[in-house]
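Here is a friendly briefing on the inner spaces, aromatic contacts and loop details of one protein model. Please keep the viewer open as you read.

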Amino acid sequence: MQIDSSPRLIVTGRGLGGPIASLFTLSLLGNKNSSEKKKPPLCITFGSPLVGNKKFQEAISRSSTWSSCFLHVVSIKDPFLKRLNPDIKDYMPFGTFLFCSDISSTCFENPKSVLELLVISIKDQNQAFPSIDYGNIVGNLYIKAICKDFTPRGQDFTDSNSLRASIRLQLWAALGLTPDMQQQHLNIDINALVTKLEKLEKEVIFQKGNKFDPSKKLNVMKIEMAKLEWYKKYSKNNKIGYYDSFKRGISTSDLDVVQCQKTLRNYWIDMVAEAELKPQTEGAAFRTRWLFGGTNYRRMFEPLDIAEYYANGGKDYEAKGRSRHYIVLQEWLEEDKKEKSNSNSTNKKDVESILTFDSCFWAHVEEAILSCKVLKDEQSSVTEKEEETGKLLEFEKYVYGLLTKYEVSSEIFLRQSSYMIWWNQYKAIKGTSYNSALADFMSNPDHYNVLYIKGTYNFPPQA
């Protein structure tokens, strides 16, 4: 086994220097320019006041790497802690807390348990304790570690509840209680405290068991994606694309896809939320790991959301109806393209099997259909018609641009598709003499019925 012997920066602070050390360490961890190969810094504080609220703690705890960089050494008898943080419950601990006494020590990581012990430490403001010499405490701990002497002697920890027994053992170590010391000296009800900490630890165990884990559900999600692949092929065999089949709900298969749609939507909403809560560096790595799956999901399933939206009379999907998780998934892809200078364009050999690259394509089609309705409506004003005509010209350019880069699925050319419905309406409005790049392409059925679908067509069109 190869041991990493590279140096590690240690940041430390005592008392008020503790928060400064913690914040400085966070600034180092959040520095994008720092080398990922370097060991992360280690922050060790002594008798430090708390820093940050619950959201601050959650942001750090989302990263196991960040959370492991903080070790806070405290003594429940430290008078410095008693003079600070009168509203201590407005704060939330993060990292690992090493509670030390003259005779032993113990670690707590559950922030609520740590907070409970710190609240106890400042309850009795009238009880005087001498200043804590952390150097002496750490020195004693070092000696005890060498001698492997950790367990307080003479205590009965024969509790049938192993968790409760462990908590009781930790409390005796943290409080520095010995067999001949009465707990009343510290004005602490040990049994009540053990019961409270046991409840807090069980909450953490339950939360960990129910924590969203993308890897655990990944195989299930692959099955759901495979179901849609089958549905796409089934719809295409029926001469209608899966977008329009789902929108019209013309078969029982369309209804079966609804549950698949909900399952995957919930999964990716949770996935995006998980990624956004992670620190920058780990969040970037997380996004890269799931980028391919997220992009395929968005391109395959967002059309179903668009179909529902417009089937229910919606307008302007991108501004008013688009789920935020689709927006974020698209941003991930755009960020990745910038960093890697990737091109999303495909080539003619891949055209038949591709997904339409722009997952909002069908929303643009629906808006174009609505624009045609305005142009055909005799009650529409000249201004309204001019505005919609401009939108349709932009839509033409948009579609033709996708065609030239082979970024649309061949399904859009099926006779029953919403795109072909739009084109026939638009062609009737413009007349047979209308000329444009898209009109030239669409004027020859072979271009889209045979050549484009087979992936043998070259742009610009040949006469």
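Rings of Phe, Tyr and Trp, the last taken by its six-membered ring, count as a pair if their centres lie within 6.5 Å. With that in hand, one aromatic cluster is formed by Y243, F361, W362, F395, Y398, F413, Y419, W422, W423, Y426, Y434 and F441. Please bear in mind that this is a predicted model.

**Aromatic contacts**

- Across the whole structure, a search finds 25 aromatic pairs.
- One of them joins Y309 and Y310, whose ring centres are 5.3 Å apart. The planes of Y309 and Y310 meet at 85 degrees, and planes over 60 degrees apart count as edge-to-face, so this pair is edge-to-face.
- Y310 has a relative accessible area of 9%, and it is buried because that value is under 20%.
- F361 and Y419 make a tilted pair, with 6.4 Å from centre to centre and 40 degrees between the planes.
- Which helices does the pair of F361 and Y419 tie together? F361 lies in helix α15 (residues 361–376) and Y419 in helix α17 (residues 418–430), so the pair links parts that are 58 residues apart in sequence.
- Are these two residues, F361 and Y419, buried or exposed? F361 is buried, with a relative accessible area of 0%, and Y419 also counts as buried, at 0% relative accessibility.

**Cavities**

- Rolling a probe the size of a water molecule over the atoms shows where empty space is left.
- How many cavities of 30 Å³ or more are there? The count comes to 3.
- The largest cavity has a volume of about 100 Å³. Its lining is made of 13 residues, and Y242, T356, W362, S409 and E411 are those that lie nearest the centre.
- Sorted by class, the lining of the largest cavity has 6 nonpolar, 3 polar and 4 charged residues.
- In the lining of the second largest cavity, 7 residues are nonpolar, 4 are polar and none is charged.

**Backbone with positive phi**

- Most residues other than glycine have a negative phi.
- K239 has a positive phi, near 65 degrees. K239 sits in the loop between α9 (214–237) and α10 (242–248), and it is exposed, with a relative accessible area of 55%.
- D316 also has a positive phi, near 55 degrees. Its place is the loop between α12 (280–311) and α13 (317–320), where D316 is partly exposed at a relative accessible area of 34%.

- D90 belongs to the loop between α4 (79–82) and β4 (96–100) and counts as exposed, at 54% relative accessibility. The C-alpha atoms of D90 and V51 are separated by 9.9 Å, with the two residues 39 apart along the chain.
- D244 is in helix α10 and is buried, with a relative accessible area of 1%. From D244 to Q416, which are 172 residues apart along the chain, the C-alpha separation is 7.7 Å.
- K236 is found in helix α9 and counts as partly exposed, at 27% relative accessibility. K236 and S410 are 174 residues apart along the chain, and their C-alpha atoms are separated by 9.9 Å.

Technical notes:
Residues numbered from 1 in each chain as written. Predicted model: local features only at pLDDT ≥ 70, side-chain atom pairs only at ≥ 80, totals over all residues. Heavy atoms only, no water. 1 Å grid on protein atoms, 1.4 Å probe; cavity = no way out; pocket = protein on both sides within 12 Å on 5 of 7 lines; lining within 4 Å. Points joined across faces, edges and corners; volume = space filled by probe spheres on them. Nonpolar A, V, L, I, M, F, W, Y, C, P; charged D, E, K, R; others polar. Phe/Tyr/Trp six-rings, centres within 6.5 Å; stacked < 30°, edge-to-face > 60°. Buried < 20%, exposed > 50% of the residue type's maximum accessible area, 1.4 Å probe, protein only. Helix = DSSP H or I, 4+ residues; strand = E, 2+ residues; numbered from the N terminus.
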